[in-house]
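This report describes selected features of one protein chain.

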Amino acid sequence: MPLLTRMLTAPLSIDVRRGAVATLGELLADRRIVTEGRVAIAVGPGQGDQIAEHVRPSLSACEVFHVAGGTVDAAVDLGSRLRAGSYEAVVGIGGGRTIDATKYAATLSGIPMVSVATNLSHDGICSPVASLVHDKGKGSFGVVMPLAMIVDLDYVHAAPDRLVRAGIGDVVSNFSAVDDWLLAAEETGERVDRMALTVARTAAEALLHQPGSIDSDRFLTVLAEGLVLSGMAMAFAGDSRPASGGDHEILHAIDHLFPDTANHGELAGIGAAFCYHLRATRLGTGHERLEEILTCLGRHGLPRFPADIGLSPEQFAEAVRYAPQTRPGRYTILEHLSLDEDETRKAVHEYVQAHGG
């Protein structure tokens with residue numbers, strides 16, 4: 001008998017609204033997550049402690065652990081403490097670094113993880129990937145996707161604007177990732193999961209044309225849901241392909257060569273814009289998408305040019321040249337064009353001059 005459907009991994013619960021964190025105790029009482037109520041809460045700097053104190057009265061038994069940054073060491077240490085305490089689940093409360101470290105720790109411990117996001121800086125709030133710092137830089141690690149997630153817009157509004165806007169760049173970069181995936185299919189025969197591709201692209205389309213700004217609950221809801229859909233697209237595909245292409249290769253190269261230049265979402269946005277510049281000038285495609293992305297990034301005050309993130313054109317070109325090394329075996333517009341040093345430098349200068357950077 002032919003297989004008529006397939007099972008897709010998705011969170012048990014997704015709650016995006018004001019006051020959503022008040023339902024955390026009720027969510028954890030769902031016997032699909034915990035049965036005896038032994039829950040750990042992992043918090044990072046910022047609003048994590050405040051939220052933990054807010055929800056503690058609604059939990060029968062919990063212990064709060066502080067995560068010392070988004071590093072592999074911090075995640076492994078948390079994982080050891082979770083195993084020692086025989087917890088049934090862990091709640092990660094905070095920004096991307098805290099949630100990524102908690103996802104990794106939960107995976108090591110073999111327990112479910114609930115994500116409570118206090119900002120919307122990137123799609124890690126609901127993805128099967130954790131980006132963590134180790135002794136050789138920053139790497140991406142496969143983890144189990146959060147079993148449930150909460151985005152309380154009251155806390156998002158209280159987060160630094162820069163961290164909230166950054167998520168826009170990460171969602172919009174899906175366009176570049178999707179087109180790279182299709183390019184790889186055409187040039188190398190790579191298999192494309194059209195379901196995952198559709199989900200990733202739909203998330204980006206919804207955000208690209210959404211009016212308003214991060215001051216609006218409506219806009220933040222679309223942004224949060226876009227980040228969730230991006231994470232789910234990766235889970236459907238079984239890897240990061242639908243949300244990570246040449247754009248993220250550039251992002252990881254900048255992180256490696258020029259650490260602490262900008263955050264994940266900011267770099268994803270500028271990486272996507274530059275990849276579309278390459279498509280437009282070298283392949284004759286993507287002109288309209290390039291303008292849409294540049295307009296979107298500009299409207300929300302996100303970086304568009306090397307100078308916006310404190311890099312010279314030459315430094316940015318160096319990162320572009322290094323970028324393919326960050327994802328060996330992944331085929332994107334960067335691998336397709338395989339520009340040499342002079343050609344890369346020329347392309348970056350063309351990009352800056354053509355678009356007013």
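## Two residues with positive phi

Asp260 sits in the loop that runs between α10 (246-257) and α11 (264-283); helices (H or I, at least four residues) and strands (E, at least two) are DSSP runs, numbered from the N terminus. Although Asp260 is not a glycine, its phi is positive, at about 65°. Asp260 counts as exposed because its relative accessibility is 74%. Here buried means under 20% relative accessible area, exposed over 50%, and partly exposed in between (1.4 Å probe, protein chains only).

Ser338 is also not a glycine and has a positive phi of about 45°. The loop between α14 and α15 (341-354) holds Ser338. With 55% relative accessibility, Ser338 counts as exposed.

## Basis of the values

The model is predicted: local features need pLDDT of at least 70, side-chain atom pairs count only at pLDDT 80 or more, and totals for chains, interfaces and linings use all residues. Residues are numbered from 1 along each chain as its sequence is written, and side-chain values use heavy atoms, with hydrogens and water left out.

## Domains and their interface

The chain is divided into domain 1 (13-158) and domain 2 (165-356), with bounds that come from an automatic or database domain assignment. Their centres, taken over C-alpha atoms, are separated by 27 Å. Domain 1 gives 21 residues to the contact and domain 2 gives 26 residues, where contact means heavy atoms within 4.5 Å. About 1,800 Å² is buried between domain 1 and domain 2, and carbon and sulfur atoms give 67% of this area. Buried area is the accessible area (1.4 Å probe) that two parts lose on being put together, summed over both. Leu120, Asp123 and His157 supply 29% of the area that domain 1 buries against domain 2, more than any other three residues.

Two salt bridges are counted between domain 1 and domain 2; a salt bridge is a side-chain nitrogen of Lys or Arg within 4 Å of a carboxyl oxygen of Asp or Glu. Six residue pairs are in polar contact across the interface of domain 1 and domain 2 (both at pLDDT 80 or more). A polar contact is a pair of N or O atoms within 3.5 Å; within protein, one must be able to donate a hydrogen and the other to accept it, and residues adjacent in sequence count only if both atoms are side-chain atoms. On the side of domain 1 that touches domain 2, the elements giving two or more residues are β1 (13-17), β7 (137-142), β8 (148-152) and α5 (153-158). Of these, α5 gives the most, with three residues.

## Buried charges without a salt bridge

Arg327 lies in the loop between α13 (313-322) and α14 (333-337). Arg327 is buried yet has no salt bridge, and the nearest side chain of opposite charge, Glu249, is 6.8 Å away. For charge, Lys and Arg count as positive and Asp and Glu as negative; His and the chain ends are not counted. The side chains of Arg327 and Ser140 are joined by a polar contact of 2.9 Å.

Asp170 belongs to helix α6 (residues 161-172). Asp170 is likewise buried without a salt bridge, its nearest side chain of opposite charge being Lys103, 9.8 Å away. Not counting residues up to four places away in sequence, Asp170 touches several residues, including Ser121, Asp123 and His248.
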